[in-house]
Amino acid sequence: MHMMVSKPEQWVKPMAIAGANQYTFHLEATENPGALIKDIRENGMKSCSVAQAKVQWPSQGPLQVGLAIKPGTSVEYLAPWANQIDMALVMTVEPGFGGQKFMEDMMPKVHWLRTQFPSLDIEVDGGVGPDTVHKCAEAGANMIVSGSAIMRSEDPRSVINLLRNVCSEAAQKRSLDR
């Protein structure tokens, strides 16, 4: 769940009860990220997770924590929490509505996160599609959110495969470069 809400604390328990297994909140939306991360971790549950187009039913475990930053937020603001989260999300558009233009100037944030936290999952969200995914993957993103590019495509399956393959190839190249 990517919670674009002003008080993410109030939604942890309801989302856990509803079956969410991952909870991403915006750093800018809370005054105490550490307490919220702890609360999310303490609300583990049985859940459904979709991975590589197969539904898996994991055993009881901790709720995964994602931390998002908007384009105007410095990536260094996220750094103190990076070792306590499972995924960092760099917004590549201003949150609010789909179909916005990809903000390439967010890629240095992705690169900085990948350099500083090599094992952290890094996601990008906003304006990502066949024309922009290479920039995301090369910067270090290994998770992609793509709405409009997939939904507006005549062949959504091929777009999804392209996005997946570009990210996989970039991750393999990074591991070989180490």
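**View 1. Strand S6, helix H3 and strand S7 form a right-handed β-α-β unit.** Right-handed means that, with the strands pointing away from the viewer, the path from the first strand over the helix to the second runs clockwise. Helices (H or I, at least four residues) and strands (E, at least two) are DSSP runs, numbered from the N terminus. The model shown is predicted: local features need a pLDDT of at least 70, side-chain atom pairs count only at pLDDT 80 or more, and totals for chains, interfaces and linings use all residues. Residues are numbered from 1 along each chain as its sequence is written, and side-chain values use heavy atoms, with hydrogens and water left out.

**View 2. Helix H3 (residues 107-116) carries several buried residues.** These are Met 107, Lys 109, Val 110, Leu 113 and Arg 114, where buried means under 20% relative accessible area (1.4 Å probe, protein chains only). Seen down the axis of H3, the buried residues fall within an arc of 160°, so they line one face of the helix; the arc is that of the directions from the helix axis to the C-beta atoms. An α-helix has 3.6 residues a turn, so residues three or four places apart point the same way. The buried residues of H3 pack against strands S5 (64-69), S6 (87-91) and S7 (121-125), and against helices H4 (133-139) and H6 (156-177).

**View 3. Strand S6 is covered on both faces.** Of its 5 residues, 5 are buried. Met 87, Leu 89 and Met 91 lie on one side of S6, with Ala 88 and Val 90 on the other. In a regular strand the side chains alternate between the two faces of the sheet.

**View 4. Strand S6 is joined by bridges to S5 and to S7.** S5 and S6 run parallel and are joined by 4 bridges; Ala 68 has Leu 89 as its bridge partner, and Ile 69 stands opposite Val 90. S6 and S7 also run parallel, with 5 bridges between them, and here Ala 88 stands opposite Ile 122.

**View 5. The open sheet has 6 strands in the order S1-S2-S5-S6-S7-S8.** The pairing is parallel; two strands pair if DSSP finds at least two bridges between them. At the edges are S1 (2-3) and S8 (143-145), each of which pairs on one side only.

**View 6. The protein chain averages a pLDDT of 87.** The pLDDT is the predictor's confidence in each residue, from 0 to 100, and 90% of the residues score at least 70. Over residues 45-60 the pLDDT is below 50.

Note on methods:
Buried < 20%, exposed > 50% of the residue type's maximum accessible area, 1.4 Å probe, protein only. Contact = heavy atoms within 4.5 Å.
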